[in-house]
Amino acid sequence: MSATAGQAQGERGLAERLGLKPGQVVQEIGWDEDVDDELRDSIEELTGNELLDEESDDVVDVVLLWWRDGDGDLFDALSDAMRALADGGQIWLLTPKAGRDGHVEPSDIGEDAATAGLSQTSSISAAPDWSGTRLVTPKGRR
């Protein structure tokens with residue numbers, strides 16, 4: 001296997017870990033210089049679509065929310081992110097891993113997500129510096 005093929009497989013694997021599928025529409029909120037470009041590229045490669053920015057009014061399957069401690073009110077950000085979601089959509093909340101600048105405590109994520117009416121379904125290592133928390137609306141509310 002060539003290094004390029006291995007890199008492509010690894011990049012595709014980043015998006016696949018998020019459970020994304022070809023054709024899905026993904027909106028990105030909270031982009032800054034510190035985001036993981038490999039993850040972003042892998043999402044675009046797997047879905048076949050460019051990431052929509054936070055100004056988009058389109059209905060989306062997934063919201064990719066980059067969030068750091070100090071970015072503001074997480075509850076408000078989650079509430080805003082839910083407005084763009086299609087029925088059955090999901091939010092991937094990406095936060096810096098423990099020990100990194102901007103780390104958000106899991107208890108804060110859980111509390112704000114629950115207050116916003118979201119259920120936390122899984123947590124993963126989304127990228128070298130980022131943890132991912134999958135949030136969905138409870139089935140009874142969809």
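Me: How many aromatic pairs does the structure hold?

Reply: This is a predicted model, in which local features need pLDDT of at least 70 and side-chain atom pairs count only at pLDDT 80 or more, whereas totals for chains, interfaces and linings use all residues. Residues are numbered from 1 along each chain as its sequence is written, and side-chain values use heavy atoms, with hydrogens and water left out. Rings of Phe, Tyr and Trp (its six-membered ring) pair if their centres lie within 6.5 Å; planes under 30 degrees apart count as stacked, over 60 as edge-to-face and the rest as tilted. The number of aromatic pairs in the structure is 1.

Me: Which arrangement do the rings of tryptophan 66 and tryptophan 130 adopt?

Reply: The ring centres of tryptophan 66 and tryptophan 130 are 4.7 Å apart. Their planes meet at 80°, so the pair is edge-to-face.

Me: How far apart in sequence are the parts that this pair ties together?

Reply: Strands are DSSP runs (E, at least two residues), as are helices (H or I, at least four), each numbered from the N terminus. Tryptophan 66 belongs to strand β2 (residues 60-66) and tryptophan 130 to strand β5 (residues 130-136), so the parts tied together are apart in sequence by 64 residues.

Me: What is the relative accessible area of tryptophan 130?

Reply: Buried means under 20% relative accessible area, exposed over 50%, and partly exposed in between (1.4 Å probe, protein chains only). Tryptophan 66 is buried at 0%. Tryptophan 130 is also buried, and its relative accessible area is 4%.

Me: Is glutamine 24 buried or exposed?

Reply: Glutamine 24 sits in the loop between α1 (3-17) and β1 (26-29). Setting aside residues up to four places away in sequence, glutamine 24 touches Gly19, Thr47, Asn49, Asp61 and Val62 (contact means heavy atoms within 4.5 Å). Its relative accessibility is 16%, so glutamine 24 counts as buried.

Me: In what order do the elements of the chain run from the N terminus?

Reply: The secondary structure comprises 4 helices and 5 strands. From the N terminus on, their order is α-β-α-β-α-β-α-β-β.
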